[in-house]
Amino acid sequence: VATDQMIDTPTNNFCTLNPLVPVPGTGGLPYDGNLSFTRGADDAWGTVVSTMAPGSGKWYFEGLLVSTSGTTNTGIGIAGTDAHEVWRGSTSGNGDSPVVKYDNFGGVSMDGGAISPNPYGATYAAGDIIGVAYNMDASPRTCTFYKNNTIVNAAFDLSSNFTATKGIAPLLLVWGREKWTMNFGQDSSFD
(Lines give C-alpha, C1' and ligand atoms only; values in the text may rest on other atoms or scores of the structure.)
Protein backbone atom coordinates (compact mmCIF):
# COMPACT_ATOMS: atom_id res chain seq x y z
CA VAL A 1 0.00 0.00 0.00
CA ALA A 2 1.36 3.40 -0.95
CA THR A 3 0.52 4.85 2.48
CA ASP A 4 2.84 2.31 4.13
CA GLN A 5 5.90 3.96 2.57
CA MET A 6 7.50 7.20 3.74
CA ILE A 7 10.54 9.02 2.45
CA ASP A 8 12.89 9.42 5.39
CA THR A 9 15.41 12.22 5.13
CA PRO A 10 17.06 14.45 7.73
CA THR A 11 14.41 17.11 6.99
CA ASN A 12 11.40 14.78 6.75
CA ASN A 13 11.29 12.70 9.94
CA PHE A 14 8.25 11.60 11.89
CA CYS A 15 7.67 10.48 15.42
CA THR A 16 6.63 6.85 16.12
CA LEU A 17 5.73 4.89 19.24
CA ASN A 18 8.87 4.00 21.17
CA PRO A 19 9.56 0.24 21.31
CA LEU A 20 12.45 0.79 23.76
CA VAL A 21 10.32 1.91 26.72
CA PRO A 22 9.04 -1.18 28.55
CA VAL A 23 5.31 -1.81 29.03
CA PRO A 24 4.53 -3.68 32.28
CA GLY A 25 2.39 -6.80 32.73
CA THR A 26 1.59 -8.63 29.52
CA GLY A 27 2.87 -5.53 27.80
CA GLY A 28 2.96 -5.52 24.08
CA LEU A 29 5.23 -3.77 21.64
CA PRO A 30 4.47 -1.23 18.95
CA TYR A 31 4.21 -2.76 15.47
CA ASP A 32 3.26 -1.76 11.91
CA GLY A 33 6.17 0.64 11.63
CA ASN A 34 5.77 1.46 15.35
CA LEU A 35 2.46 3.20 14.63
CA SER A 36 0.12 0.59 16.17
CA PHE A 37 -0.12 -0.87 19.65
CA THR A 38 -2.28 -3.62 21.16
CA ARG A 39 -2.24 -4.56 24.82
CA GLY A 40 -2.01 -8.27 25.67
CA ALA A 41 -4.47 -8.55 28.59
CA ASP A 42 -6.41 -6.66 31.28
CA ASP A 43 -3.79 -6.89 33.98
CA ALA A 44 -2.07 -3.58 34.63
CA TRP A 45 -1.71 -0.06 33.36
CA GLY A 46 0.81 0.43 30.62
CA THR A 47 2.15 3.55 29.03
CA VAL A 48 3.52 3.87 25.53
CA VAL A 49 5.47 7.03 24.70
CA SER A 50 6.76 8.36 21.42
CA THR A 51 10.27 8.62 20.06
CA MET A 52 10.31 12.43 19.96
CA ALA A 53 9.74 14.97 22.72
CA PRO A 54 10.11 18.48 21.29
CA GLY A 55 10.94 21.37 23.60
CA SER A 56 9.35 24.09 21.48
CA GLY A 57 6.84 24.60 18.70
CA LYS A 58 3.21 23.76 17.97
CA TRP A 59 2.43 20.04 17.63
CA TYR A 60 -0.48 17.83 16.68
CA PHE A 61 -0.94 14.06 16.60
CA GLU A 62 -3.93 11.74 16.52
CA GLY A 63 -4.85 8.19 17.35
CA LEU A 64 -7.55 5.92 16.02
CA LEU A 65 -8.97 3.64 18.70
CA VAL A 66 -9.33 0.65 16.38
CA SER A 67 -10.83 -1.90 18.74
CA THR A 68 -11.47 -2.75 22.36
CA SER A 69 -11.94 -6.01 24.21
CA GLY A 70 -12.33 -6.84 27.86
CA THR A 71 -12.01 -3.94 30.27
CA THR A 72 -11.70 -0.79 28.21
CA ASN A 73 -9.89 1.93 30.09
CA THR A 74 -7.61 3.90 27.87
CA GLY A 75 -6.30 7.40 27.36
CA ILE A 76 -4.27 9.55 25.04
CA GLY A 77 -2.27 12.62 25.96
CA ILE A 78 1.17 14.04 26.58
CA ALA A 79 3.98 13.51 29.08
CA GLY A 80 6.93 15.66 30.01
CA THR A 81 10.41 14.23 29.69
CA ASP A 82 10.65 14.53 33.48
CA ALA A 83 7.64 12.22 34.13
CA HIS A 84 9.98 9.49 35.34
CA GLU A 85 7.44 6.72 35.99
CA VAL A 86 5.98 7.10 32.49
CA TRP A 87 9.38 6.80 30.85
CA ARG A 88 10.00 3.60 32.80
CA GLY A 89 6.67 2.32 31.45
CA SER A 90 5.48 1.48 34.95
CA THR A 91 2.43 3.63 35.59
CA SER A 92 -0.98 4.83 34.45
CA GLY A 93 0.34 8.37 34.52
CA ASN A 94 -1.76 9.04 37.61
CA GLY A 95 0.31 10.96 40.10
CA ASP A 96 3.30 11.23 37.79
CA SER A 97 4.18 14.75 36.76
CA PRO A 98 3.86 16.21 34.24
CA VAL A 99 1.21 14.11 32.45
CA VAL A 100 -2.15 15.09 30.96
CA LYS A 101 -4.56 12.58 29.40
CA TYR A 102 -8.06 12.40 27.90
CA ASP A 103 -9.67 9.06 28.73
CA ASN A 104 -12.40 7.09 26.96
CA PHE A 105 -14.87 7.94 29.75
CA GLY A 106 -14.67 11.64 28.81
CA GLY A 107 -12.48 12.74 31.68
CA VAL A 108 -9.24 14.66 31.51
CA SER A 109 -6.69 14.43 34.26
CA MET A 110 -3.42 16.20 34.89
CA ASP A 111 -0.95 14.36 37.10
CA GLY A 112 -3.75 12.09 38.30
CA GLY A 113 -6.19 14.84 39.33
CA ALA A 114 -9.37 15.48 37.33
CA ILE A 115 -9.62 18.78 35.47
CA SER A 116 -12.84 20.72 35.90
CA PRO A 117 -15.35 20.32 34.39
CA ASN A 118 -15.44 16.57 34.80
CA PRO A 119 -16.34 14.90 32.56
CA TYR A 120 -14.35 17.27 30.41
CA GLY A 121 -15.82 16.11 27.13
CA ALA A 122 -17.48 13.36 25.17
CA THR A 123 -16.73 9.70 25.75
CA TYR A 124 -15.08 7.82 22.90
CA ALA A 125 -15.02 4.25 21.64
CA ALA A 126 -13.66 2.06 18.85
CA GLY A 127 -13.77 3.91 15.54
CA ASP A 128 -13.15 7.38 17.02
CA ILE A 129 -10.10 9.46 16.17
CA ILE A 130 -8.73 11.47 19.08
CA GLY A 131 -6.47 14.42 18.27
CA VAL A 132 -4.07 16.19 20.60
CA ALA A 133 -2.69 19.68 19.88
CA TYR A 134 -0.16 21.28 22.19
CA ASN A 135 1.59 24.61 21.96
CA MET A 136 4.98 24.76 23.65
CA ASP A 137 5.60 28.37 22.53
CA ALA A 138 2.43 29.92 23.97
CA SER A 139 2.50 31.66 27.30
CA PRO A 140 1.04 29.76 29.04
CA ARG A 141 1.60 26.46 27.27
CA THR A 142 -1.72 24.91 26.19
CA CYS A 143 -3.21 21.56 25.18
CA THR A 144 -6.43 20.92 23.22
CA PHE A 145 -8.15 17.58 22.60
CA TYR A 146 -10.28 16.71 19.55
CA LYS A 147 -12.75 13.90 18.89
CA ASN A 148 -13.33 13.13 15.21
CA ASN A 149 -11.91 16.54 14.22
CA THR A 150 -14.13 18.53 16.63
CA ILE A 151 -12.73 20.32 19.68
CA VAL A 152 -13.79 18.47 22.82
CA ASN A 153 -13.55 21.47 25.14
CA ALA A 154 -11.53 24.67 25.50
CA ALA A 155 -7.75 24.51 25.50
CA PHE A 156 -6.36 24.28 28.97
CA ASP A 157 -3.36 25.79 30.64
CA LEU A 158 -0.30 23.60 31.19
CA SER A 159 1.69 26.26 33.04
CA SER A 160 1.18 24.85 36.55
CA ASN A 161 2.68 21.45 35.68
CA PHE A 162 4.72 21.67 32.48
CA THR A 163 6.97 24.63 33.40
CA ALA A 164 10.27 22.87 34.06
CA THR A 165 10.01 20.08 31.49
CA LYS A 166 12.50 20.15 28.65
CA GLY A 167 10.22 18.37 26.19
CA ILE A 168 6.73 16.94 25.76
CA ALA A 169 6.02 13.57 24.12
CA PRO A 170 2.82 11.94 22.85
CA LEU A 171 1.51 9.26 25.20
CA LEU A 172 -0.92 6.31 25.16
CA LEU A 173 -2.26 4.78 28.38
CA VAL A 174 -3.86 1.35 28.19
CA TRP A 175 -5.38 -1.12 30.63
CA GLY A 176 -7.45 -3.51 28.54
CA ARG A 177 -6.86 -5.03 25.11
CA GLU A 178 -7.29 -1.81 23.18
CA LYS A 179 -5.73 -1.42 19.77
CA TRP A 180 -4.57 2.06 18.77
CA THR A 181 -3.12 3.19 15.44
CA MET A 182 -1.32 6.53 15.51
CA ASN A 183 -0.71 9.32 13.02
CA PHE A 184 2.16 11.67 13.79
CA GLY A 185 1.97 13.24 10.34
CA GLN A 186 3.14 10.33 8.22
CA ASP A 187 -0.13 8.45 7.47
CA SER A 188 -3.60 9.90 8.02
CA SER A 189 -5.20 6.85 6.36
CA PHE A 190 -4.62 4.71 9.50
CA ASP A 191 -3.92 1.67 7.25
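This report describes the nonpolar cores and aromatic pairs of a predicted model.

The largest nonpolar core comprises 32 residues, and those with the most contacts inside it are I76, I78, V100, C143, F145, F156 and W180. Strands that each supply at least two residues of this core include β3 (58–67), β4 (74–80), β9 (142–147) and β13 (179–183). Another core, of eight residues, lies apart from it, with V21, W45, A83 and L173 among its members. In soluble globular proteins, nonpolar side chains tend to be buried together.

C143 has a relative accessible area of 0% and is therefore buried. C15 is also buried, at 9%. The structure holds zero disulfides.

Seven aromatic pairs are counted in the model. Two of them are set out below.

| Pair | Distance between ring centres | Angle between planes | Class |
|---|---|---|---|
| Y60 and Y146 | 6.0 Å | 75° | edge-to-face |
| F145 and F156 | 6.0 Å | 25° | stacked |

Y60 is partly exposed, with a relative accessible area of 39%. F145 is buried at 0% relative accessibility, and F156 is buried at 9%. Together with Y102, Y124 and W180, these two phenylalanines form one aromatic cluster.

R141 is located in the loop between β8 and β9. With a relative accessibility of 17%, R141 counts as buried because the limit is under 20%. The C-alpha atoms of R141 and F156 are 8.4 Å apart, with the two residues 15 apart in sequence.

How values were computed
Residues numbered from 1 in each chain as written. Predicted model: local features only at pLDDT ≥ 70, side-chain atom pairs only at ≥ 80, totals over all residues. Heavy atoms only, no water. Disulfide = S-S within 2.5 Å. Buried < 20%, exposed > 50% of the residue type's maximum accessible area, 1.4 Å probe, protein only. Core = buried A, V, L, I, M, F, W, Y, C linked by side-chain atoms within 4.5 Å. Helix = DSSP H or I, 4+ residues; strand = E, 2+ residues; numbered from the N terminus. Phe/Tyr/Trp six-rings, centres within 6.5 Å; stacked < 30°, edge-to-face > 60°.
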